[in-house]
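Here is a friendly walk through one protein chain, from its overall build down to a handful of individual residues. Please keep the structure open beside the text as you read.

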Amino acid sequence: MTDSADTARPPRFDLIAFDWDGTLYDSTRLIVRCIQAAVVDVGGAKPSEDDAAWVIGLGLAEALARAAPDVPKEKYPELGARYRYHYLQHQDDIVLFDGVLPMLDALRARGHKLAVATGKSRRGLNEALKTVALRDRFDASRTADETFGKPHPRMLLELMEELEVAPERTLMIGDTTHDLQLATNAGCASVGVSYGAHEPDSFAEFKPLHIAHSIADLEAWLLGNA
């Protein structure tokens, strides 16, 4: 006789979409340093760590423009080039947060579709996926340079359309208000993580279902509630 507690709970969400930097990839500090260095390289005032961290998750052009309001627009191409230069010098230093791979495998084993919705470029995401052999663990991905950047809903809407999942069956996970607003704009539920770029105190207005303080916390919540 099988107890109901032994029966696998049907999944609440068919699609789980993850932000990349600061959510799965431990890259926040590096990105902040690269933004600061790039702004100084083109003659701008060095942004604070908080200001540089706040723009993480936006498309590169918008992020650099917000982080360097004193840099004239004609220097934006150079600013972007300097950011990429500094980032490429250290991109192999970036590592996944501990526990990410087992978490993804556990979610896939339960039948969830997994996706990445990121402010990175397609080239940057592909390099990261190749570096850590993650490509086969995701069913789809969208980057800011091939659709609208966060928090515009297009990125998540395209993923849902591609994978044939309705908004009410989709969960977005991220470390910034941009990620949570993206979910809200797309009509999806969200979960925030506190270990990335934005302070979790700023998440409340977007009503995330949970705020995870570690990958272990995130995995436990997802396996019990998603």
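Please bear in mind that the model is predicted.

**The chain as a whole**

The chain contains 9 helices and 8 strands. Along the principal axes, the C-alpha atoms fill a box of roughly 70 × 30 × 30 Å. Of the 226 residues, 49% count as buried. Contacts across the sequence are well represented: taking those between residues at least 6 apart, 64% join residues at least 24 apart.

**Helix H7 and its surroundings**

Let us turn to helix H7, which spans residues 154-163 and has Met155, Leu156, Glu158, Leu159, Met160 and Leu163 as its buried residues. What do these buried residues pack against? Their partners are strands S1 (15-18), S4 (113-118), S5 (140-143) and S6 (170-174), together with helix H8 (177-186).

In strand S1 we find Ala17, which is buried because its relative accessible area is 0%. Beyond its neighbours within four places in sequence, Ala17 is in contact with Leu156, as well as Ala115, Leu171, Met172 and Ile173. Ala17 can also be set against Ala37: the two are 20 residues apart in sequence, and their C-alpha atoms are 31 Å apart in space.

Strand S5 holds Ser141. Is Ser141 buried or exposed? With a relative accessibility of 15%, it falls under the 20% cut-off, so Ser141 counts as buried. Leaving out residues up to four places away in sequence, Ser141 touches Leu159, along with Val116, Arg122, Leu125 and Glu146. With Arg122 there is also a polar contact of 3.0 Å between the two side chains.

His198 is buried because its relative accessible area is 5%. A polar atom of the His198 side chain lies 3.0 Å from the backbone nitrogen of Thr177. Away from its sequence neighbours within four places, His198 is in contact with Ala53, Trp54, Asp175, Thr176, Thr177, His178 and Phe203.

His210 has a relative accessibility of 19%, so it too counts as buried. Which side chain makes a polar contact with the side chain of His210? That partner is Asp217, at 3.0 Å. Not counting residues up to four places away, His210 touches Asp217, Ser190, Val191, Gly192 and Trp221. Lys73, by comparison, is 137 residues from His210 in sequence and 39 Å from it in space, C-alpha to C-alpha.

| Pair | Atoms involved | Distance |
|---|---|---|
| Ser141 and Arg122 | side chain to side chain | 3.0 Å |
| His198 and Thr177 | side chain to backbone nitrogen | 3.0 Å |
| His210 and Asp217 | side chain to side chain | 3.0 Å |

**Backbone points worth a look**

Most residues other than glycine have a negative phi, and most peptide bonds are trans.

Glu164 follows H7 and belongs to the loop between H7 and S6. Its phi is positive, near 60°. At 73% relative accessibility, Glu164 counts as exposed.

Lys207 lies in the loop between S7 and S8 and has a positive phi near 50°. Lys207 is exposed because its relative accessible area is 66%.

Finally, the peptide bond from Lys150 to Pro151 is cis, with omega near 5°. Pro151 itself is in the loop between S5 and H7.

Key
Residues are numbered from 1 along each chain as its sequence is written. This is a predicted model: local features need pLDDT of at least 70, side-chain atom pairs count only at pLDDT 80 or more; totals for chains, interfaces and linings use all residues. Side-chain values use heavy atoms; hydrogens and water are left out. Buried means under 20% relative accessible area, exposed over 50%, partly exposed in between (1.4 Å probe, protein chains only). Helices (H or I, at least four residues) and strands (E, at least two) are DSSP runs, numbered from the N terminus. Contact means heavy atoms within 4.5 Å. A polar contact is a pair of N or O atoms within 3.5 Å; within protein, one must be able to donate a hydrogen and the other to accept it, and residues adjacent in sequence count only if both atoms are side-chain atoms.
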